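User: I am new to reading protein models. Could you walk me through one, feature by feature?

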Amino acid sequence: MKILVPVKRVIDYNVKPRVKADGTGVDLANVKMSMNPFDEIAVEEALRLREKGAATEVIAVSIGPAKATETLRTALAMGADRAILVQTDEEVEPLAVAKILKGIADAEAPGLVILGKQAIDDDSNQTGQMLAALMDRPQGTFANEVTVEGNHVTVKREVDGGLETVKLALPAIVTTDLRLNQPRYASLPNIMKAKSKPLDTKTPADYGVDTAPRLKTVKVSEPPVRQAGIKVADVDELVAKMKALGIA
Amino acid sequence: MKTLVLVEHDNASLKDATLSTVTAAARLGEVHLLVAGKGCAGVADEAAKIAGVGKVHLADDAAYEHQLPENVAPLVASLMADHDAFLAPATTNGKNIAPRVAALLDVMQISEIMGIDGERTFTRPIYAGNAIATVESSDPKLVITVRGTAFDKAAASGGNAAVEAVSGPAGDGASEFLGSELAKSERPELTSAKVIVSGGRALKDAETFKEVIFPLADKLNAGVGASRAAVDAGYVPNDYQVGQTGKIVAPEVYIAIGISGAIQHLAGMKDSKTIIAINKDEDAPIFQVADIGLVGDLFKIVPELTAKL
């Protein structure tokens, strides 16, 4: 069984994003970029399934600019077998991403597609669910535990009230939540080895997908700033303040 | 515009998240609700009483019992022939179903809206709430998830809508619900609690978290939350997590104890009316958003506070 792992190149999670002065977006010039953290968890999970013998090949795919090659090399250094870059300089919305991924899934016939539940730039939380709809296959979103048995995958999901478990016929789509696993670091020898692993380059047109955006970004602005309040000296003063608020 | 709102429920009662979504839908036009479930006629009756609702569609079928998106999404998509916009609460359930509906309709979803600027123009948070995007849709139909804390709750009574039974396509059985482990708590739910007491990594371990945080929460009849660090460290289960990737809350009072205030956490609670922070580090970022701060040892302060309230 093949596992397809889509990964996105995003602003590094440690960097505080700055809104551009002209309100057209967030300034990404000279900012450290990394693999979306949820996608790193997806790569790790795919590798663990391969190591357990549940999968034979892990294919990483990224849709983005030429620099997304770096993100794919990271996935290859972690242990993915090969990679596909669908190269475009345009911003591609989740719906179009899902359509491209469907094209790749049609060509590769993976048993599982594992991807992050959301990207930390646009915070959409859509791609996996959309891909599942387009492929007409079941989805296990916000995965906390993934078990492959025969032609099924059992997914324990993080939901608002706690956890929920679903059993899905393969092929299926799984999106990762934070506590699914702790992704590995790529070792130096593996980083070197990743450079010679196969990486194909395609375009959205190869999959017949029109990436014209459906949503127009009118503007991007700073969120309202909350002002710091006062500090109290001790518990008695805090109690008095809480009583004044009517909660004690 | 005719809107269709997904009612959040557990087949027995309607969840509050529905009410703020109704408010958002009413801003766009006529409000129809969809109650999909099994044995959920009581929920439909409850939904019909919500102020401002025009009609309730009731799809009562075993296929919808556990809200499996493979079954609910095709039902919603079929009902969208007669509606212009689909709105779901931005809960884990809404987030599971809505994008699947959007793809079936070939439209781009607008996630977690915080504001409505026009019939097709919405504001939504990006980059963990560090920026707010205003987006305009060019799609023929709208698919939207609604951030509950950003809209007032519609009144749960006063309406008298008709309930109409509907049926629709369901999935092909490729997915099966096996079970759930839902937390049972006497405390108020995080997303509807008036007061929340939240603990961070400084609470040391699960036992200490319980000993320090729970008595204060009980005294205030508060919901209990936690930072991602506390959840990752296993002090409390995942459903306690407040933050960009956990629950977004906006109570009257949020008490952050031993929480430094990572961007990720602030994104989930900074719309609270009053924020109280207790932390030993006076430079902790939490104090930059707190209305009332107390610097000191939480293991001394919190028991004293609990005793004096």
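Analyst: Strand 7 of chain A and strand 8 (residues 152–159) of chain A pair in the antiparallel sense, over 6 bridges. Strands pair if DSSP finds at least two bridges between them. Helices (H or I, at least four residues) and strands (E, at least two) are DSSP runs, numbered from the N terminus. This is a predicted model: local features need pLDDT of at least 70, side-chain atom pairs count only at pLDDT 80 or more, and totals for chains, interfaces and linings use all residues. Residues are numbered from 1 along each chain as its sequence is written, while chains are lettered from A and ligands numbered from 1 in the order in which they are written.

User: How does strand 7 of chain A pair with strand 10 of chain A?

Analyst: In the parallel sense, over 3 bridges. A:Q139 has A:I173 as its bridge partner in strand 10 of chain A.

User: How do I judge whether an element is covered?

Analyst: Count neighbours. A residue is buried if 20 or more other C-beta atoms lie within 10 Å of its own, exposed if 12 or fewer, and partly exposed in between; C-beta atoms are placed from the backbone. Strand 7 of chain A is mostly covered, with 8 of its 11 residues buried. Helix 4 (residues 127–135) of chain A is mostly covered too: 8 of its 9 residues are buried. Among them are A:M130, A:L131 and A:L134.

User: What covers the buried residues of helix 4 of chain A?

Analyst: Both chains contribute. From chain A, the cover includes helix 3 (94–108), strand 6 (112–116), strand 7 (139–149) and strand 10 (172–176). From chain B, it includes helix 3 (69–79) and helix 4 (92–105).

User: How do I read a whole sheet?

Analyst: Start with the strand order. In a regular strand the side chains alternate between the two faces of the sheet. In chain B, 7 strands form an open sheet in the order 5-9-4-1-2-3-10, with parallel pairing. Strand 5 (110–113) and strand 10 (162–165) of chain B stand at the edges, each with a single partner strand, so one side of each has no neighbour in the sheet. On average, neighbouring strands of this sheet are turned by 25° against each other, direction ignored.

User: What pairs with strand 5 of chain B?

Analyst: Strand 9 (residues 142–146) of chain B, in the parallel sense over 2 bridges. B:I110 stands opposite B:I144 there.

User: Which strands does helix 4 of chain B lie across?

Analyst: Strand 1 (2–6), strand 4 (85–89) and strand 9 of chain B. The helix runs at about 170° to strand 9 of chain B. Axes are lines fitted to C-alpha atoms, for helices over the stretch in contact, and angles run from 0 to 180 degrees between N-to-C directions.

User: How do I describe two packed helices?

Analyst: Use the angle between their axes and the distance between the axes. The axes of helix 5 (residues 206–220) and helix 8 of chain B come within 9 Å and cross at roughly 25°. These two helices of chain B are therefore roughly parallel to each other. Angles under 35 degrees count as roughly parallel, over 145 as roughly antiparallel, 65 to 115 as roughly perpendicular and the rest as oblique.

User: How does helix 6 of chain A meet helix 8 of chain B?

Analyst: The axes of helix 6 (residues 235–244) of chain A and helix 8 of chain B come within 10 Å and cross at roughly 50°. The two helices are therefore oblique to each other. The contact is made by A:V235, A:L238 and A:V239 on one side, and B:I301, B:E304, B:L305 and B:K308 on the other.

User: How many residues of each chain are in contact?

Analyst: 68 residues of chain B are in contact with 62 residues of chain A. Contact requires C-beta atoms, placed from the backbone, to lie within 7 Å. Strands join the chains as well: 2 bridges link strand 13 (residues 230–231) of chain A to strand 16 of chain B, which run parallel. A:I230 stands opposite B:I292 there.

Methods. Two residues are in contact if their C-beta atoms, placed from the backbone, lie within 7 Å.
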